[in-house]
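Below are some numbered remarks, in the manner of a colleague's note, meant to be read alongside the sequence and the coordinates.

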Amino acid sequence: MTAPSFMDLALKAAETAQNSGEVPIGCVIVLDNKVIATAGNRTLTDRDPTAHAEILAIRQAAEVVGSERLVDCDLYVTLEPCTMCAAAISFARVRRLYYGAADPKGGAVDSGVRFFAAPTCHHVPEVYSAVGEGEAATLLRDFFKARR
């Protein structure tokens, strides 16, 4: 699969989250060109503020590989990660991060605190932004528009 195909899977996970009443954010983690983890936001469902798609997918992937280090893994997420998720991506030593829509309010990669640029950041993944950006932005925009 190529980058857009993996992002398509992340978008499907976001749609599944939306169907459960969650903010539509989805994440897929890939190792050796195979999906090893898929998650959508579950903060409301789990009553857990840390149940972001990235955190849940990282937990699944770590279990699959049998290590807290995901050094050869690539993470695809539909929205620019927040500070918590950027830190988890760094701590897990994810190789590459692909994200869809930018998040000027809550993002922490190319927006806000720019976590990976901080001198205290121990590992910086390769970052590819705007992968599937149009679809991800539309999904989020429509979700919040329907809530207003």
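**Notes on a salt-bridge network and a helix**

1. The side chains of Arg 96 and Asp 74 come together in a salt bridge, with an N to O distance of 3.1 Å. This pair ties together distant parts of the chain, since Arg 96 lies in strand β4 and Asp 74 in strand β3, 22 residues apart. Please keep in mind throughout that this is a predicted model.

2. Asp 74 also forms a salt bridge with Arg 95, for which the closest N and O atoms are 3.0 Å apart. Here again distant parts of the chain are linked: Asp 74 belongs to strand β3 (residues 73-79), whereas Arg 95 sits in the loop between α4 (83-91) and β4 (96-101), and the two are 21 residues apart.

3. Glu 126 is partly exposed, its relative accessible area being 36%.

4. Through shared partners, these salt bridges join Asp 74, Arg 95, Arg 96 and Glu 126 into one network. For context, a search of the whole structure returns 4 salt bridges.

5. Turning to helix α5 (residues 133-147), its 15 residues reach 21 Å from the first C-alpha to the last, which is close to the 21 Å expected at 1.5 Å a residue. The buried residues of this helix are Ala 136, Ala 137, Leu 139, Leu 140 and Phe 143. Viewed down the axis of α5, these buried residues fall within an arc of 160°, so they line one face of the helix.

6. Why can residues that are three or four places apart in an α-helix point the same way? On the face of α5 turned away from its buried side, the exposed residues are Arg 141, Lys 145 and Ala 146.

Methods:
Residues numbered from 1 in each chain as written. Predicted model: local features only at pLDDT ≥ 70, side-chain atom pairs only at ≥ 80, totals over all residues. Heavy atoms only, no water. Helix = DSSP H or I, 4+ residues; strand = E, 2+ residues; numbered from the N terminus. Expected span 1.5 Å × (residues − 1). Buried < 20%, exposed > 50% of the residue type's maximum accessible area, 1.4 Å probe, protein only. Arc of directions from axis to C-beta.
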